[in-house]
Amino acid sequence: MNTDAIQTTTRQADKKAPTITKRIGNTTFDIHVHFSETSKETFTDKVLRLIKNDATAEM
């Protein structure tokens, strides 16, 4: 069972950019998430495209 906690916080300077903090052992990873406001592709579209490209590359 994984007892590591995932904590989501928001930076004070930019309320639109959440930070995910993950601690593994003695190492703490801070992941800063950024989404383009001008993107024409939704998150779902991007994930589906990545999956299709990965499946095609394995053939």
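Visitor: Does Thr21 count as buried or exposed?

Guide: Please note that this is a predicted model, in which local features need pLDDT of at least 70, side-chain atom pairs count only at pLDDT 80 or more, and totals for chains, interfaces and linings use all residues. Residues are numbered from 1 along each chain as its sequence is written, and side-chain values use heavy atoms, with hydrogens and water left out. Buried means under 20% relative accessible area, exposed over 50%, and partly exposed in between (1.4 Å probe, protein chains only). Thr21 has 19% relative accessibility and therefore counts as buried. Of the 59 residues of the protein, 8% count as buried.

Visitor: Which side chain does the side chain of Thr21 meet in a polar contact?

Guide: A polar contact is a pair of N or O atoms within 3.5 Å; within protein, one must be able to donate a hydrogen and the other to accept it, and residues adjacent in sequence count only if both atoms are side-chain atoms. Here the partner is the side chain of Asp30, at 3.1 Å.

Visitor: In which strand is Thr21 found?

Guide: Helices (H or I, at least four residues) and strands (E, at least two) are DSSP runs, numbered from the N terminus. Thr21 lies in strand β2.

Visitor: How many bridges pair strand β2 with strand β3?

Guide: Two strands pair if DSSP finds at least two bridges between them. Strand β2 (residues 18-24) and strand β3 (residues 27-32) are antiparallel and share six bridges. Thr19, for instance, has His32 in β3 as its bridge partner. The hairpin of β2 and β3 has two residues between the strands, and Gly25 takes a positive phi near 65° there.

Visitor: Which side chains meet in a salt bridge?

Guide: A salt bridge is a side-chain nitrogen of Lys or Arg within 4 Å of a carboxyl oxygen of Asp or Glu. The structure holds one. Arg49 and Glu41 meet in a salt bridge at 2.9 Å, N to O. Arg49 is partly exposed, with a relative accessible area of 34%, and Glu41 is partly exposed at 28%.

Visitor: Where is Leu48 placed?

Guide: Leu48 is in helix α1 (residues 43-57). Because its relative accessibility is 44%, Leu48 counts as partly exposed.
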